Amino acid sequence: MRDNKLKYILVLPAIIVVFATAVWPLIESLRLSFTVGRLTKPNFPQGYLGWENYTWAFMEEPAFWNSVEVTVLYTLITVILTTLIALGLAMLLAPGGRLRGGVQTLLILPFAMSPALIGVSFRFMFNPEFGLFDAFFGVVIPPLAEISWLSDPTLAFVVCVMADVWGWIPFLTLVLIGGLASIPQDTIEAAQVDGASSWRVFKDITLPQLVPVLAVVLILKAIFSLKTFDQIYMLTNGGPGTATQTLSHYIYFSGMKYGQIGYSASVAWVMVIPMILLTFLYARYVFQKR
Amino acid sequence: MAQVLLKNITKRWGDFVGVDNQSLAVADKEFLVLLGPSGCGKTTTMRMIAGLEEPTSGEIWIGDHVVNDDLPKDRDVAMVFQNYGLYPHMTIYDNIAYPLKVRGTPKADIKPRVEKAAEQVELTEFLHRKPKALSGGQRQRVALARAIVRTPKVFLMDEPLSNLDAKLRVTMRAELKHLSRQLQITTVYVTHDQIEAMTLADRVAVMEKGVIRQLGTPDEIYNDPSNLFVAGFIGSPAMNLINGSVKDGYFITTGGTRLVKVDGGDRAKVILGVRAEDVDIHESGQGDIDVLVYAYENTGESVMLTLQFGKQRIIAKGDRHLRKDMDDVVGLRVNPDHLYLFDSETEERIRY
Ligand SMILES: Nc1ncnc2c1ncn2[C@@H]1O[C@H](COP(=O)(O)OP(=O)(O)OP(=O)(O)O)[C@@H](O)[C@H]1O
Ligand SMILES: [Mg+2]
């Protein structure tokens, strides 16, 4: 009995902190999403609007849909690209793979950089006057040097994706190396003797056994891609125009720049739904009993 | 059709020598057993034949060409792994069917063959389960079924019966022997169980520390060991090995007891080998020497006596009706027709 009570007392501080910093703001933002909530006007949050903020976003606001489109595209491309490249690298670097040694330690380096820093450094690298890429292209493929990467809507998006993939590959590669290392070598050797080509060994033996780890990688990366903000903020600031404006960026701008707290809270809540779904899936894969 | 040939095979990891410059010819359709204590290089040898381990030097032949550069999948061998190597995400059925599927066997052929293999290892009722839901012995039988479902050039079996209970082991042993005769497929079989080696093998290769110490039929290995290691390793109980010398036609133990008549000239340092069944027990005074019973064990089919004279102990196998007790005095006579002499230095057999 005493132990039981003590258990609750011990976790109480943690619960209070989570409530104060996560649950309460969440509920408060939900409340605000139903108000006028303009920071620039007196008597904030100026009374309730019902569902009007939501219907406004869905019915009247192309900028909202633009950011949804950007976010979905961005998430799909970065998740798939990062996972594929990380899987390929992991296959090369895993025990028994073709590459090994010091390369692994080098790998972690980009992940040690903050997303904002990655954003800034990519912005510099693509700077038309003194950027690394322009210098590089200037020598190797001169026509490409003329391109002003960050002022073209499509290319700016491509650069954002590149920066994100570059920043995430190391970590996901390490996770996948761990996953590959936990696959019994026996099963792979048995398949080789049974007559399977390398491709079939990968498809029939390695991949199915990697599924739990792969699922975690995909979901985790999807969560992080969905909420991308700081990197985009530093790299393109959503531009040119709104070509790289993700939902997070749109929410931030509506709320902080234009002072529409109520409206941006409602858009934020639209984003909460897929997030909760992914988090739920993630928890299921991480904590499932095998 | 498919002989297996190892020519001067060496496997080294850094300074450690796993297999040391060994040559071995396994004839077509032969059942060859690699026998030896743990860590002697049996699995390593087998993995090199399968192509899972690359020999440091030497050539491996399967059939009539060198396979050193062939991938495992191209060597057309079927292997039972010492720790099974089952596919955990597939059902038992799919595990057994995998080698057929991957080699493009027509779908209609797969089912009957999988079912037949499963039946041969008594697994029919588990086909829909995953390996996780089987016992160690059952898993081992899945590994066996996965090998015999196909007709490869060579079977490689690494202790395929080690985890079965005594009764099943005997049935499986008979099943395997029958199968290998029936299929007529060259087989290399690893075990450290002598009975398995003796009953299954056409020939046995006894290994020690990466070296084949003797290669011969089970009969030769048992009755004509060519060195001290093979003599001591084969047989249960182990052969009695007694230090001493030969003088004036008799073997004298280091303790000074004149034990048995031995032909050939005088020799200073030798080891006498004599099997427990070649030590006869008589009533006190009726043997060559009188000895003390140190321990008496009745195994049911026979009795084992550990006998002591001076500091020397010797194990004798007696008739199952013989009843003795500790500290009884009995007469001992060593049968002079089945003796083995070994050089103490080289540990090689002295033939006289
Ligand atoms: N990858 C490796 N690296 C270094 N040493 C190894 C390696 N694989 C095996 N060995 C060593 O080679 C020796 C022979 O190993 P092997 O597995 O062939 O023994 P074994 O005869 O099959 O023994 P057991 O009956 O226990 O299975 C052992 O001493 C082992 O430690
Ligand atoms: Mg072994």
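Buried area is the accessible area, taken with a 1.4 Å probe, that two parts lose on being put together, summed over both. Keep that in mind for the interface.

First, the ground rules. This is a predicted model: local features need pLDDT of at least 70, side-chain atom pairs count only at pLDDT 80 or more, and totals for chains, interfaces and linings use all residues. Residues are numbered from 1 along each chain as its sequence is written, chains are lettered from A and ligands numbered from 1 in the order in which they are written, and side-chain values use heavy atoms, with hydrogens and water left out.

Chain A, then. It has 13 helices and 0 strands. Helices here are DSSP runs of H or I with at least four residues, strands are E runs of at least two, and both are numbered from the N terminus. The C-alpha atoms of chain A fill a box of roughly 75 × 75 × 30 Å along the principal axes.

Now the interface. About 1700 Å² is buried between chain A and chain B. Carbon and sulfur atoms give 59% of that. Chain A puts 17 residues in contact with 23 residues of chain B, contact being heavy atoms within 4.5 Å.

How many salt bridges cross the interface of chain A and chain B? The rule finds 2. It asks for a side-chain nitrogen of Lys or Arg within 4 Å of a carboxyl oxygen of Asp or Glu. A:Asp194 pairs with B:Arg146 in a salt bridge, closest N and O atoms 3.7 Å apart.

Which elements of chain A give two or more residues to this side? Helix H9 (185-194) and helix H10 (198-226). H9(A) gives the most, with 8 residues. By class, the side of chain A that touches chain B has 6 nonpolar, 5 polar and 6 charged residues.

On to ligand 1. The residues around it include B:Trp13, B:Phe16, B:Lys42, B:Gln82 and B:His192; the cut-off is a heavy atom within 4 Å. Helix H1 of chain B, residues 42-50, supplies the largest share of the shell, 3 residues.

A polar side-chain atom of B:Thr44 lies 2.5 Å away. For B:Gly39, a backbone N or O atom sits at 2.8 Å. For B:Glu159, a side-chain N or O atom is at 3.3 Å.

On its own, ligand 1 has 640 Å² of accessible area, and the protein covers 63% of it. Those areas come from the Shrake-Rupley method with a 1.4 Å probe.

Technical notes
Ala, Val, Leu, Ile, Met, Phe, Trp, Tyr, Cys and Pro count as nonpolar, Asp, Glu, Lys and Arg as charged, and the others, Gly among them, as polar. A polar contact is a pair of N or O atoms within 3.5 Å; within protein, one must be able to donate a hydrogen and the other to accept it, and residues adjacent in sequence count only if both atoms are side-chain atoms.
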